[in-house]
Amino acid sequence: MTDLTIHPIGERALTGSVPVPSDKSIGHRALLFSALCNGKSRVSGFSFSADNVSTADALRAMGVRIETTGKSELTVEGVGLHGLRAPDKVLDCGNSGTTMRLITGILAAQPFASKLVGDHSLMKRPMMRIVGPLRARGARIEGAPHPTRANDITAPLEIAGLREDEYLGPLEYESPVSSAQIKSAILLSGLFAHGATHFKEPSLSRDHTERLLSALGVPLRTVGTMVELDPAGWGGQMPALDIEIVGDISAAAFLLVAAQIVPGSRVVTRAVGTNPTRTGLLEILRDMGAGISVEAQGERAGEPIADIHAWTQPLRAGSIGGETVARAIDEIPIACALAARASGTTTIRDAEELRVKESDRIATMATVLRAFGVRCEELPDGLTIEGKEGPLEPADIDSRGDHRIAMTATVLGLLGRAPTKVRDVDCISTSFPRFVGTLRGLGATLDVT
Ligand SMILES: O=C(O)C1=C[C@@H](OP(=O)(O)O)[C@@H](O)[C@H](O)C1
Ligand SMILES: C=C(OP(=O)(O)O)C(=O)O
């Protein structure tokens, strides 16, 4: 198990212009969709986050040839919509909720049985959110009873193969939560269904699935927060992809916030995806007075990109809630670090989904903030956080195996009165394999032990 020691940044600042890893959400989709295409796809700008590697490995186990052809490039030999073969083993999705939920949407429609497991954290995450609607269209999926959530289930998920006379039917589903994982699982199952799929969510979650599937010629229609997939008249074939993946705004977030809270900093994150369904943090930063400017750099594979410039400015408390939360769902932990340095008390609401991520991110962040001497209160659906001036208490943090918690604690540790320890940081490779090197390059002193 690897630990990090973060030395106080003192009078120094963070400066530099850096790339960020490829977008993890788009990486999963690029792999999954190119596996179902006809022909050889090229995926470039790929940074091999552990979660994306879990998706690649699951596909390989179903007969998809995926080859690493460069430092950040893969080729995927698509097997077509109906070309997957029965996995030669139990599919281990590691720490990746996106892998498990999206693949289940595909496996629900296959003529073979499969079983999905994950690491300690993933085995506790709720799965009825996808299993319920998939069962409603004819899938046969069983899980284990959830230890704390009534009427919910967890992995292992056992998915029965469809018999020759069975098929998935049409589905109209209104999800109680905004979730791109639920939406994508349902849409993927809809590729194989007899009849149309209608999915509606309270506010729009990330729409990478819709963008990519539309680009592949899948008949999708979006009206507000409703998306419809009607395969009638569609040939069921997708051409091979050639996709260069944009930088991950959810990874850039740690550097953009670090530049706000380490005095005198000036940081640029380059070629970051700025899809409006992902930019909630940029709005939170602006509302709280942060120094931030977004220089658009055009589009890459149907996704807008920009260089994002961040510099230190005095921060004021914010009020974070409503639909912004869905567009900043993975950035709320690092937004807590921002709040910890803003003048006044920040309130975060409508974020109950954080309780079912890699850790209970509301409870974990409350523990982390208190360890640094920041006063906060846990709410059922968020937190209140009182900004604190001056050096933070030197903390000893257990990441609980949650990459976003490990990175948030590392950023806060730069402001410690003495070195901070963050324990169990291997999880950082889940989404940002070069995080430590990138922070060092910007001027931070970190020891890996
Ligand atoms: O679809 C995706 O790629 C993701 C959707 C979000 O999860 P939910 O759909 O559960 O909100 C997000 O938290 C996760 O990191 C990635
Ligand atoms: C929640 C996350 O990912 P997943 O749901 O794919 O595990 C995340 O990366 O913060």
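For burial, the C-beta atoms are placed from the backbone: 20 or more others within 10 Å makes a residue buried, 12 or fewer makes it exposed, and anything in between is partly exposed. Asn151 belongs to the loop between β8 (141–145) and β9. Helices (H or I, at least four residues) and strands (E, at least two) are DSSP runs, numbered from the N terminus. The phi of Asn151 is near 60°, a positive value in a residue other than glycine.

Keep in mind that this is a predicted model, where local features need pLDDT of at least 70, side-chain atom pairs count only at pLDDT 80 or more, and totals for chains, interfaces and linings use all residues. Residues are numbered from 1 along each chain as its sequence is written, while chains are lettered from A and ligands numbered from 1 in the order in which they are written.

You'll find Asp350 in the loop between β19 (345–348) and α10 (361–371). Asp350 is partly exposed, with 17 other C-beta atoms within 10 Å. Then there's a cis peptide bond between Ala155 and Pro156, with omega about 5°. Pro156 is part of strand β9 (residues 153–159). As background, most residues other than glycine have a negative phi, and most peptide bonds are trans.

**The whole chain**

The protein chain has 12 helices and 24 strands. Its C-alpha atoms fill a box of roughly 70 × 45 × 40 Å along the principal axes. For 449 residues, a compact globule would have a radius of gyration near 22 Å, and the 21 Å of the protein chain agrees with that. That radius is taken over C-alpha atoms, and the globule rule is 2.2 Å times the number of residues to the power 0.38. Of the 449 residues, 53% count as buried.

Two residues are in contact if their C-beta atoms, placed from the backbone, lie within 7 Å. Among contacts between residues at least 6 apart in sequence, 75% join residues at least 24 apart.

**What the record says**

An unreviewed UniProt entry puts "domain: Enolpyruvate transferase" at residues 12–439. UniProt positions are given in the numbering used here, feature names are shortened, and annotations may be inferred rather than shown by experiment. The end C-alpha atoms of residues 12–439 lie 13 Å apart, and the span is 29% helix and 26% strand. The unreviewed entry also has a "binding site" annotation covering Lys24, Gly97, Arg125, Gln181, Arg361 and Arg404.

Take Lys24, which sits in helix α1. Beyond its neighbours within four places in sequence, Lys24 is in contact with Ser49, Asp51, Asn52, Asp248 and Ser431. Gly97 is in helix α3 (residues 97–107). With neighbours within four places again left aside, Gly97 is in contact with Leu122, Arg125 and Gln181.

**Buried spots**

| Residue | Other C-beta atoms within 10 Å |
|---|---|
| Lys24 | 25 atoms |
| Gly97 | 21 atoms |
| Thr420 | 26 atoms |
| Pro333 | 27 atoms |

Helix α1 (residues 24–36) has 13 residues and reaches 19 Å from its first C-alpha to its last, close to the expected 18 Å. The expected span is 1.5 Å times one less than the number of residues. Since 13 of the 13 residues of α1 are buried, the helix is largely enclosed by the rest of the structure. Helix α11 (residues 403–413) is also largely enclosed, because 11 of its 11 residues are buried.

Pro333, in helix α9 (residues 332–340), touches Arg361, Met365, Arg404, Ile405 and Thr408, not counting residues up to four places away in sequence. Pro333 and Met407 are 74 residues apart in sequence and 9.1 Å apart in space, C-alpha to C-alpha.

**Around ligand 1**

The residues around ligand 1 are Ser25, His28, Thr98, Ser179, Ala180, Gln181, Ser184, Ser205, Arg206, Ile329, Asp330 and Glu353. A residue is near a molecule if its C-beta atom, placed from the backbone, lies within 6 Å of it. Helices α1 and α5 (180–192) each supply at least two residues of this shell, and the largest share, 3 residues, comes from α5. The shell divides into 2 nonpolar, 7 polar and 3 charged residues.

Key
Nonpolar A, V, L, I, M, F, W, Y, C, P; charged D, E, K, R; others polar.
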